[in-house]
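Thanks for making time this morning.

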Amino acid sequence: MRAIELGEYGGPEVLKAVDVDVPEPAAGQVSIDVAYAGVNFADLKARAEGYRVDALPARLGLEVSGRVRALGAGVTGLAVGQEVAALTSGGGYAEVAVADAATVFPVPAGLGLRTAATLPTVLPTAQALVHAVGRLQPGETVLVHGAAGGIGTVVGRLAKAAGAGAVYGTVSSSAKAAYAREHGYDELFTGDFARDPGALEKAVRAATGGRGVDLVLDPVGGPLFEAGLASLAVFGRLVSFGNASSAAPWRVGQPELYPTGISVSGFSILTLSQTAPDALRALAEAAFAKVVDGTVVLPVTAEFPLADAAEAHRLLGSRTSTGKLLLKVA
C-alpha cells in the first residue's frame, strides 16, 4: 500500500510517499481502508520536532474516515465494511490505517466520509473545551486563540449554542477575522500577540469594560498563555490544550491563582484516548450529534491527494488557512 513516511525531522519536504506492507490489526484493534485523513497542527509538530514520535521512520496522521477492513481479536460492535471515523496513534496518512477499537466511531447516518474525517480530533476537543473542561455557563464570555482554525471554528458555534454572552477570538489577519465572524464570534482581535501579549490584555479589557473574560481557550502557550491569564475576570478559567509556540511548559501557583480566584486546566484528546477511552467516546458521541443536528459546521477548506501531504503541511504552516484540511486517500 501507499503511505506517507517521515525519515527525518524538518520541513514539509521530508514527507515521502512509500510502498509498505498493509498493517494487520492486533487484538482490540481495527484496520480501516482510508477514504480521507485529517491534517492537524500536531502533525506539523511531529514532522518538525518529533512531537509524540517514538522512532524514525514514522508515519503521521491522527484521524481518518473510511470503511472497516478487518477486526482484531475481541473486537465487537463493529463490522467489516462499516463506515467509520477513527482517532489513531499515528499512521493515518496511508491507504490502510490501524486504530484501537475504543477510538473507532460509526459514522452517523446522513454524514459522508468526507465530513466524517473532520470529526475525530476537532469535534471531541471542542466539546471538551466548551463543556466538560471549560464548563461554559450561559451569559459567560470566552476568548479563543486561533479562532479561524478547525477547533476555533467549532468552538465559536458551540459557545454560541451554549448561550455565551460574547465570544472573542484572536486571528492573524483580517481575512481570518471575516471567516471567524461567520462561525459565532462577536469580536476578533488581530495581531501578533505572541510578540506583544500586553496588547491582547488591553484589547480584551477594553472590549469587556475592564472586566475580562470568564474562559480562555489556549492552544499556543508561551506569551499568549500569560496574556490569557492576565485577561481573565475574577473566578475566570483558562484551559490549555496545546503548545503551538513550543515554549517551556507553563507553571502557575499561588501568586497567580489566589488574588482573583482564577483556575487553569489542561486537555489533550490524544492522552485522553489512552487514559480514559470511555470518556472520549462520550465526548465524541455528544459532539457528533451537534453535527447531525446542524449546531456545528466545520468547512473543509482545502483537500489534497495523499501524495501531496507536503503541500497540505505547507498551507497549514503558512497560517493562512481556515477551517479543516484533508488528504483524499481513496
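How do the residues of the lining of the largest pocket divide into nonpolar, polar and charged? Before I answer, please keep in mind that this is a predicted model. The lining holds 23 nonpolar, 19 polar and 5 charged residues, and the space in this largest pocket comes to about 1,400 Å³. Of the 47 residues that line it, F41, G146, P219, V220 and A244 are the closest to its centre. Several elements each supply at least two residues of that lining, among them the helices α1 (41-49), α3 (122-132) and α4 (150-161), together with the strands β9, β10 (166-171) and β16 (324-328).

The second largest pocket has about 470 Å³ of space, and it is lined by 26 residues, with R52, L62, T88, S89 and G90 nearest its centre. Here the division is 12 nonpolar, 9 polar and 5 charged, and at least two lining residues each come from α1, β4 (58-59), β7 (96-100) and α9. If you follow α1 and α9 on the screen, you will find that each of them also supplies at least two residues of the lining of the largest pocket.

Let me turn now to the sheet. It is an open sheet of 6 strands with parallel pairing, and the strands run in the order β11-β10-β9-β12-β13-β14. Because β11 (187-190) and β14 (263-266) stand at the edges, each with a single partner strand, one side of each is left without a neighbour in the sheet. From one strand to the next, the twist averages 20°.

Within that sheet, β12 (residues 213-218) pairs with β13 (residues 232-240) in the parallel sense over 5 bridges, and L217 stands opposite V239 in β13. Helix α7 (residues 223-230) packs on the sheet, where it touches β9 (141-145), β12, β13 and β14, and its direction makes about 150° with that of β13.

Finally, the charged pairs. Side chains of opposite charge can pair when their charged atoms come close. The count for this model comes to 12 salt bridges, and one that I would point out joins the side chains of R2 and D19, at 3.2 Å from N to O. This pair links distant parts of the chain, since R2 sits in strand β1 (residues 2-6) and D19 in strand β2 (residues 15-19), 17 residues apart.

Conventions. Residues are numbered from 1 along each chain as its sequence is written. This is a predicted model: local features need pLDDT of at least 70, side-chain atom pairs count only at pLDDT 80 or more; totals for chains, interfaces and linings use all residues. Side-chain values use heavy atoms; hydrogens and water are left out. Two strands pair if DSSP finds at least two bridges between them. Helices (H or I, at least four residues) and strands (E, at least two) are DSSP runs, numbered from the N terminus. Axes are lines fitted to C-alpha atoms, for helices over the stretch in contact, and angles run from 0 to 180 degrees between N-to-C directions. Contact means heavy atoms within 4.5 Å. On a 1 Å grid over the protein atoms alone, a cavity is a set of points where a 1.4 Å probe fits but cannot get out, and a pocket is an open set with protein on both sides within 12 Å along at least five of seven lines; lining residues have an atom within 4 Å of a point. Grid points are joined across faces, edges and corners, and a volume is the space filled by probe spheres set on the points. Ala, Val, Leu, Ile, Met, Phe, Trp, Tyr, Cys and Pro count as nonpolar, Asp, Glu, Lys and Arg as charged, and the others, Gly among them, as polar. A salt bridge is a side-chain nitrogen of Lys or Arg within 4 Å of a carboxyl oxygen of Asp or Glu.
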